[in-house]
Amino acid sequence: MRVVLAEDLFLLRDGLVRLLEAHDFEIAAAVETGPELSRALAELRPDVAVVDVRLPPTLTDEGLQCALQARRDRPGLPVLVLSQHVEQLYARELLADGTGGVGYLLKDRVFDAEQFVDAVRRVASGGTAMDPQVIQQLLSRRAAEDRPLERLTPRELEVLELMAQGRTNAAIAGRLVVTERAIAKHTANIFAKLSLEVSDDDNRRVLAVLAYLDRGR
């Protein structure tokens, strides 16, 4: 699996390169600026891009904008964004086309190598990997203005949050220490209460939930 990595801090960039290579990823390019990222994504056509939001020369949202432009040029290009803070606008832009293959992780909340590697693989395969704090903010915003969320039980809200992070029924069941059948029942109730179309495809289901939470922004 070929990766283009963009991170302006040398030590972090080098550490990510070593980590990904140790887990059998091929680093097609490891760059530190926005223009370098744009060229690498256009010329190398990687399987996934791992991108810091803030890159030179602007050190604002250069990395994100380069990644979004690359997805416009190549729809469906998997992109995992790394950020220091929760910025709902960034999450919104990533989710805007509804095609999946996106992730948003906070740098200081990636606690182990396996968590990060799993996120890269999930995004590369067309899934999602959203930091729980991003999901909590989307949930909080929707709950303040949306009656349907009030109809969910505490357990259903818990399942909804885990689902929106990109977790499968099996993963949610393991996290909550219940059966997959119980989770399937909860997800069916959630979709019915929120008037969402039911799907057996995990990625489509997650995208439907994320689109719902992001609606009306």
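In which helix is Ala-124 found? Ala-124 is found in helix α5, which covers residues 113-124. The model discussed here is a predicted one. The protein has 217 residues, and its radius of gyration is 17 Å, which agrees with the value near 17 Å that a compact globule with 217 residues would have. Its secondary structure consists of 11 helices and 6 strands. The points below begin with the whole protein and then turn to individual residues.

**Overall form and surface**

- Taken along the principal axes, the C-alpha atoms of the protein fill a box of roughly 50 × 35 × 30 Å.
- Of the 217 residues in the protein, 47% are buried.
- Among the contacts with a separation of 6 or more, 64% are accounted for by residues 24 or more positions apart.
- The accessible surface comes to about 10500 Å², and carbon and sulfur atoms hold 50% of this area.
- There are 28 positive and 34 negative side chains in the protein, and the centres of these two sets lie 6 Å apart.

**The annotated domain**

- An unreviewed UniProt entry places the feature "domain: Response regulatory" at residues 2-122.
- Over residues 2-122, the chain is 45% helix and 21% strand.
- The end C-alpha atoms of residues 2-122 are 14 Å apart.

**The annotated residue Asp-52**

- The unreviewed UniProt entry also gives the feature "modified residue: 4-aspartylphosphate", which it places at Asp-52.
- Asp-52 belongs to strand β3, which covers residues 48-52.
- Why does Asp-52 count as buried? The relative accessible area of Asp-52 is 5%, and a residue is called buried when this value is under 20%.
- When residues up to four places away in sequence are not counted, Asp-52 touches Ala-6, Glu-7, Asp-8, Gly-63, Leu-64, Leu-82 and Lys-107.

- Arg-71 lies in helix α3, which covers residues 62-73.
- Arg-71 counts as buried because its relative accessibility is 4%.
- Leaving aside neighbours within four places in sequence, the contacts of Arg-71 include Gly-76, Leu-77, Pro-78 and Val-79.
- Leu-95 has its place in helix α4, at residues 88-95.
- Leu-95 is likewise buried, with a relative accessible area of 11%.

**Separation along the chain and in space**

- Leu-95 and Leu-207 are 112 residues apart in sequence, and their C-alpha atoms are 8.2 Å apart in space.
- Ala-124 and Asp-8 are 116 residues apart along the chain, and their C-alpha atoms are separated by 22 Å.
- Ala-124 touches Met-1, Asp-47, Val-48 and Pro-78, with residues up to four places away in sequence not counted.
- Pro-154 and Gly-15 are 139 residues apart along the chain, and 40 Å separates their C-alpha atoms.
- Pro-154 is placed in helix α8, which covers residues 154-164.
- Is Pro-154 buried or exposed? Pro-154 is exposed, with a relative accessible area of 68%.

**Backbone features in the loops**

- A cis peptide bond joins Pro-56 and Pro-57, with omega at about 10 degrees.
- Pro-57 is found in the loop between β3 and α3.
- Asp-24 is not a glycine, although it has a positive phi of about 70 degrees.
- The loop that holds Asp-24 runs between α1 (10-22) and β2 (26-31).
- Asp-24 counts as exposed because its relative accessibility is 68%, the cut-off for this class being over 50%.
- Arg-45, a residue other than glycine, also has a positive phi, with a value near 45 degrees.
- Arg-45 is placed in the loop between α2 (34-44) and β3.

Definitions and conventions
Residues are numbered from 1 along each chain as its sequence is written. This is a predicted model: local features need pLDDT of at least 70, side-chain atom pairs count only at pLDDT 80 or more; totals for chains, interfaces and linings use all residues. Side-chain values use heavy atoms; hydrogens and water are left out. UniProt positions are given in the numbering used here, feature names are shortened, and annotations may be inferred rather than shown by experiment. Helices (H or I, at least four residues) and strands (E, at least two) are DSSP runs, numbered from the N terminus. Buried means under 20% relative accessible area, exposed over 50%, partly exposed in between (1.4 Å probe, protein chains only). Contact means heavy atoms within 4.5 Å. The radius of gyration is taken over C-alpha atoms; the globule rule is 2.2 Å times the number of residues to the power 0.38. Accessible areas come from the Shrake-Rupley method with a 1.4 Å probe; for residues, only the protein chains shown count as cover. Lys and Arg count as positive and Asp and Glu as negative; His and the chain ends are not counted. The place of a charge is taken as NZ of Lys, CZ of Arg, CG of Asp or CD of Glu.
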